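Colleague: Hi! I'm new to this one, could you walk me through it?

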Amino acid sequence: MKIHWYPGHIAKAERALKEQLKRVDVVLEVRDARIPLATHHPQMLNWVGSKARILVINRMDMISPALREEWESWFEARGESVYFTNAEHGHGINALADAVQSAGVQLNQRRFDRGMLPRPVRAVVIGFPNVGKSALINRLLGRKVVDSARRAGVTRSLRWVRISDQIELLDTPGVIPTRINNQDNALKLAICEDIGEAAYDNQVVAAAMVDLLLGLEATDDTLISVSGFKSRYKLDALSTNGENYLHEVAKERHQGDVERMARQMLNDFRTGVLGQLPLELPPI
C-alpha cells in the first residue's frame with residue numbers, strides 16, 4: 001500500500017506561510033509525542049533559518065513518563081531543548097508561554113540596542129495536520145478562538161491571534177511534505193490520524209499497527225506494553241501477526257466484519273483506550 005496525501009488547501013497554505021514567515025520572530029514547531037520523528041517536516045530548518053525555534057512535543061499524555069524522559073535526553077544530547085505539552089488539558093502550557101515571552105524579551109532588547117521601539121513578539125505555530133496546533137493556541141490564549149478537532153485538515157487558512165500585549169501568534173494549517181518518501185513514516189501518520197483517511201486502507205493500517213507495536217515491545221518492553229490489546233479485545237496479540245489478529249478479533253466482536261474492527265482498533269489507539277502506546281522510540 002502506497003500512502004500519499006496532499007490536499008490542495010495545504011499547498012495554498014504553505015505558499016502563504018512562506019510569505020508570512022518574513023514577519024515572524026519565533027517558530028513553534030509542534031510534533032506528536034507518539035511519533036516525534038515522523039512529524040518533523042524536512043523543510044522546517046530551511047523555513048526557520050536564523051529565527052528562534054521552540055520545539056513542542058504535544059500529546060505527552062499519550063506516552064509514558066519514562067519514555068518522555070528518554071526523548072528529553074535524546075533531544076538534549078543533540079542540543080535541542082524540548083517542551084512537552086498536553087494542549088487538551090493545559091499541561092506544560094505555562095512553561096511554553098514563558099519560553100515565548102523570553103524570546104520576546106530578547107527580541108525587544110535587540111530592538112532597543114538599535115534605537116527601535118519595542119513591539120509584541122510574532123510567533124508562528126507550525127506542524128503536521130492534527131498534532132494539536134490550534135488547541136495549543138487556545139490554551140495559550142485561555143479561551144477558544146480557533147477551531148480544534150481530532151482530525152486532519154480542520155484549519156485551512158492562516159490567522160493572526162493576539163495572545164497578549166507581548167505576543168501575537170499565527171495559526172496555520174497543517175503542513176506536510178508534497179510527497180512522503182518514507183512509507184514507514186506515512187504509516188505512522190495514518191495510524192495517528194495526522195493525514196486524511198482517504199489516503200489509506202483502514203484494515204491494512206490497523207494490521208500494520210499491531211505488527212509495529214509488537215516489534216517495539218520486543219525492542220524495549222520497559223517503555224511500551226501491548227497488554228492493553230488483551231484486556232480490551234480478550235485475545236493475546238503476542239501469539240500471531242497483525243493481519244491474523246485483526247481477523248480473529250473481528251470474528252469475536254463483530255461477526256467477522258474486519259473493516260468495522262479495523263476502524264474501532266485505530267480509534268481505540270488514537271483515544272488512548274489501549275494504553276500509552278508510542279510508535280517510535282529514541283534511536284540508539
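Colleague: Let's start with H1. Which residues are buried in H1?

Modeller: In H1, the buried residues are His-9, Ile-10, Ala-13, Glu-14 and Leu-17. Buried means under 20% relative accessible area, exposed means over 50%, and partly exposed lies in between, with a 1.4 Å probe and protein chains only. Helices (H or I, at least four residues) and strands (E, at least two) are DSSP runs, numbered from the N terminus.

Colleague: Before we go on, what kind of model is this?

Modeller: This is a predicted model, in which local features need pLDDT of at least 70 and side-chain atom pairs count only at pLDDT 80 or more, while totals for chains, interfaces and linings use all residues. Residues are numbered from 1 along each chain as its sequence is written, and side-chain values use heavy atoms, with hydrogens and water left out.

Colleague: What do the buried residues of H1 pack against?

Modeller: They pack against helix H2 (44-48) and strand S4 (121-127). Contact here means heavy atoms within 4.5 Å.

Colleague: Can we zoom in on one of them? What is Ile-10 in contact with, leaving aside its neighbours within four places in sequence?

Modeller: With those neighbours set aside, Ile-10 is in contact with Trp-5, Pro-129, Gly-174, Val-175 and Ile-176. Ile-10 counts as buried because its relative accessibility is 0%.

Colleague: And how far apart are Ile-10 and Asn-202?

Modeller: Ile-10 and Asn-202 are 192 residues apart in sequence and 23 Å apart in space, C-alpha to C-alpha.

Colleague: Let's jump to H3. What span should helix H3 have?

Modeller: At 1.5 Å a residue, the 13 residues of H3 (residues 65-77) should span 18 Å, and the end C-alpha atoms are 18 Å apart, which agrees. The expected span is 1.5 Å times one less than the number of residues.

Colleague: Which residues of H3 are buried?

Modeller: Leu-67, Trp-71, Trp-74 and Phe-75 are the buried residues of H3. Seen down the axis, they fall within an arc of 95°, so they line one face of the helix. As a general point, an α-helix has 3.6 residues a turn, so residues three or four places apart point the same way.

Colleague: What about the other side of H3, and what do its buried residues pack against?

Modeller: On the other side, Glu-69, Glu-76 and Ala-77 are exposed. The buried residues of H3 pack against strand S1 (26-32), strand S2 (52-58) and strand S3 (82-84). Just after H3, Gly-79 takes a positive phi of about 80°.

Colleague: New topic, helix pairs. At what angle do H6 and H7 pack?

Modeller: Helix H6 (residues 183-191) and helix H7 (residues 202-219) pack at an angle of about 110°, with their axes 10 Å apart. H6 and H7 are therefore roughly perpendicular to each other. The contact is made by Leu-187, Lys-188, Ala-190 and Ile-191 of H6 and Val-205, Ala-208, Met-209 and Leu-212 of H7.

Colleague: How do you get those angles, and what counts as perpendicular?

Modeller: Axes are lines fitted to C-alpha atoms, for helices over the stretch in contact, and angles run from 0 to 180 degrees between N-to-C directions. Angles under 35 degrees count as roughly parallel, over 145 as roughly antiparallel, 65 to 115 as roughly perpendicular and the rest as oblique.

Colleague: What sits in the loop between H6 and H7?

Modeller: Glu-193 is placed in that loop. Phi of Glu-193 is near 65°, a positive value in a residue other than glycine. At 15% relative accessibility, Glu-193 counts as buried.

Colleague: And Gln-255, is that buried or exposed?

Modeller: Gln-255 counts as exposed, because its relative accessibility is 71%. Gln-255 is found in the loop between helix H9 (242-253) and helix H10 (258-270), and its phi is near 50°, again positive in a residue other than glycine.

Note on methods
Arc of directions from axis to C-beta.
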